[in-house]
Amino acid sequence: MKKAEGVIILWSLLLFTPHAKGTSYSLPGKPTLTNCRSPEKETFTCWWEPGSDGGLPTTYRLFYRKENSDTVHECPDYRTGGKNSCFFNKNDTSIWVNYNITVVATNARGRTFSDPVDIDVVYIVKPNPPEKVTVNTTWDKSLPYLRVSWEPPHKADTRSGWITLIYELRIKMEGDDEWEEHPAGQQRVFNIYSLRSGGTYLVQVRCRPDHGFWSEWSDSACIEVPDYFHQEKSMWILILIFSVFILIILIWVIHMNSHTLKRFILPPVPGPKIKGFDKQLLKNGKSRDVFSSLVGSDFPPTTTNYEDLLVEYLEVYVPEEQELMPEESKVPHKSSYQSETSTSDCDSGRGSCDSHTLLVDKSEEDKTMGQQSTQQGGQTERDLKRPEESSEEKYLTYSHQLDQPDSPDCLFPPGPLSSHFSPPGHKPVLGSNYQEFSFGNTQPHALHHQTGTHQYLQDYSDINNANKEAPAGFRLASVRSTEYVEVQRVKNDNMVLLHPVSSDPEQGGPERRHTEDYSKVKGVNNDNGLLLLQRKGSDKEMDICSYEDQQMSEPVDSGYTASIAAALQKTPAYVHPATQILDERAAGGYVDTSIFPLPTY
Amino acid sequence: MTAHIRPVCAVWVGMVVLCSKLSCMKAASICSNAQAGCHFLSLANLFDRVIQHSARMHGISNDLHSEFELYFLPSKNQVGRVTRNCHTSNILTPNGKENAQRIAREELTEVILKLLLAWRGPLWHLHQSVAQNHDFNRFSSNKSLEMRDMVHELHKGVQKVVEKMQTLGIISTSVGSLASPEAFLTSESSEWRFMKDYDLLYCFRRDSNKIQNYLKILKCRIVPEHGC
């Protein structure tokens, strides 16, 4: 008995020795069904995840129960699907039937049931990927495109309509990361356009049933697109280059004509323009400078011209002798005469009236710039109170006075009138070259000797008429004694009051002094020669001023002529056509020989 | 009450039959001679249309079922779930491909028609129930309504296909019971009334799938050249 108890104790010890080792045996962990899938809706496989085994060898078994049946069935196939799987073949698979599946883990300690899972095979279909995916390059009007074709997985029976598959493909270039996906519906062919020339493409296809899961992507089909030339693109490139070229030309043209365009589009606003006004000067210089430039050269008249216009006094020459003595006069010339601005007059009181120059038109004065105007007899300077009176005006007044018998005086505004030459019409009125206006001796104090003057004029004209057959030279037969008259004052506009000045030879007159040498023109020789009367100082008239006596003219004429002519020709600056000069000389009667290098006699 | 219902139902059935016959005859007379202006639909086209219709119906039922699961979340611990019995389970339907291919065309056609017929009433009630239930939003009730109408349309469409097949001589004229009283009566069985809406929806989802699949099989068996 005691032996049996000992054996029992031994046995129990043996039994419990594994526990005494320290390992705790427990029930197996709860397994979990991960998923069940059917590739063709005819069979399906379920996989589970085993839990802890609890230290003991654990067996797993799968049990299922069909809908509306209480019969529990065990998994028919544990191997086909791999480890921890259960494969249901066709015979065991019912569609549209609810399966209740449970996995049981069993070990020595006990068994553990997993959570049941209800599945309906219809909704767990995940087909295999499509097969035989092929890609071909096809040409459509010289443009290539890819034609992808595939086959449904061979297990899926689409032919009988049991399964309807929807396909999808994706494509990418070799080396890219992003795929381009295209749904393809139920068709098994797909075209891809817009390929890059010479690129390599990879294509994959997958499918799914109308109510199920997507399959895995098929193996990539690789294809290389051949090089092709996109004609349309090249045409556009050409058009682009052409238009760019035209654009460049346009821009260049616009740039070249930018100024004209600017003026065309935005015409410049005319600004005020004042002649002689300098903006820069206004900005920089003083106002005086600006306005001085504004003033210009014409206004106000310069002093030189101004002085020319001035007539200080009028000389009236009353000849006492028959012979006329060429008077010296201060003849204000134009340019050459401008140096003689002195107011003194050698010729005072002598024969200024007979000067033709006084009556010549002013226009001719401009032509004969630089010429010497000659005056017969003498020219008196007239001192006009009003210098603004134009020479023309004076001239006219003079002529006017001559016409009027009551005009008392002969006024010879010497300046501009000197270069004035009488129009031909006036010549006969004035008679010969120079005119002398001389008062009668009887009335030396008379200021207004109208009749006297008139008579003188008449006599003068008679004399002139009488002297017509005289040689070409100008000479007056009868010369009366000269008396000097001084302008006392100017009355009105056209009258000058004169008073005689004593004409003693001793006295001379301060006005008699002449700095210039004057020669009287005798005549015109041919076309380019002037006959001058050599000046010789007479007893009376010879003062500082020398003037020729016409009686002495003969022997010297020729010599003078040539020289003068030559001299005339030597000064082209002053000399205009010779004929004109000579005519004017003839009209004037006096030539200032100081200009020309005349040999002195 | 049943005594009154029976003659009324008979009259109503007769009227329905008469009307449908008339309409069918009308349709037959219009295009019987294949006149110009009459679109002659081939059997394949008809099948395609019907199949599309059934696919859409199934899609809607699937959506509605998902919505139901959100709202109701039937506990998975329910054991009684497995014992759920759809009222159409008495209709013998092939449960596999071989079975479906083995079955005769006429049987298959009849099965389809039976199924469609069996669901007309329940869906009408389901819609009522969903519309009245404030837990559901408007989209759910719209879907239930659409489902109800689609069953009707699909039934008519399948009937047209059957007629076409019969005229073509593909199937025998034995399949002609457009609305057999037995079928009507089976649908009248009150089993489904005791079912919950969720279970009804579950059953309908499955049955619509069956209908779609059977139609596809039928098409590929009869007109295989078009997309099978």
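Colleague: Before we start, what should I know about the numbering and the model?

Modeller: Residues count from 1 along each chain as its sequence is written, while chains are lettered from A and ligands numbered from 1 in the order in which they are written. The model is predicted, so to speak of local features we need pLDDT of at least 70, side-chain atom pairs count only at pLDDT 80 or more, and totals for chains, interfaces and linings use all residues; side-chain values use heavy atoms, with hydrogens and water left out.

Colleague: Okay, what is a disulfide, and how many are there over all chains?

Modeller: A disulfide is a pair of cysteine sulfur atoms within 2.5 Å. By that rule, the count over all chains is 4. One of them joins C36(A) and C46(A), with the sulfur atoms 1.7 Å apart.

Colleague: Which parts of chain A does the C36(A) and C46(A) pair tie together?

Modeller: For that we need strands and helices: they're DSSP runs numbered from the N terminus, helices being H or I with at least four residues, strands E with at least two. C36(A) lies in strand β1 (residues 32-37) and C46(A) in strand β2 (residues 44-49), so the pair ties together parts that are 10 residues apart in sequence.

Colleague: And why is this disulfide called right-handed?

Modeller: Look at the torsion about the S-S bond: for C36(A) and C46(A) it is about 110°, so the disulfide is right-handed.

Colleague: Are those two cysteines buried or exposed?

Modeller: Buried means under 20% relative accessible area, exposed means over 50%, and partly exposed is in between (1.4 Å probe, protein chains only). C36(A) comes out at 5% and counts as buried, and C46(A) is buried too, at 0%.

Colleague: Where do C75(A) and C86(A) lie?

Modeller: Those two form a disulfide with sulfur atoms 1.6 Å apart. C75(A) lies in the loop between β4 (72-74) and β5 (85-88) of chain A, and C86(A) in strand β5, so parts 11 residues apart in sequence are tied together. The torsion is about 115°, so this one is right-handed. C75(A) is buried at 6%, and C86(A) is buried at 0%.

Colleague: What about C86(B) and C203(B) in chain B?

Modeller: A disulfide joins them, S to S 1.7 Å. Their S-S torsion is about -90°, so the disulfide is left-handed. C86(B) lies in the loop between α2 (43-72) and α3 (97-102), and C203(B) in helix α8 (residues 197-222), so the tied parts are 117 residues apart in sequence. Both C86(B) and C203(B) are buried.
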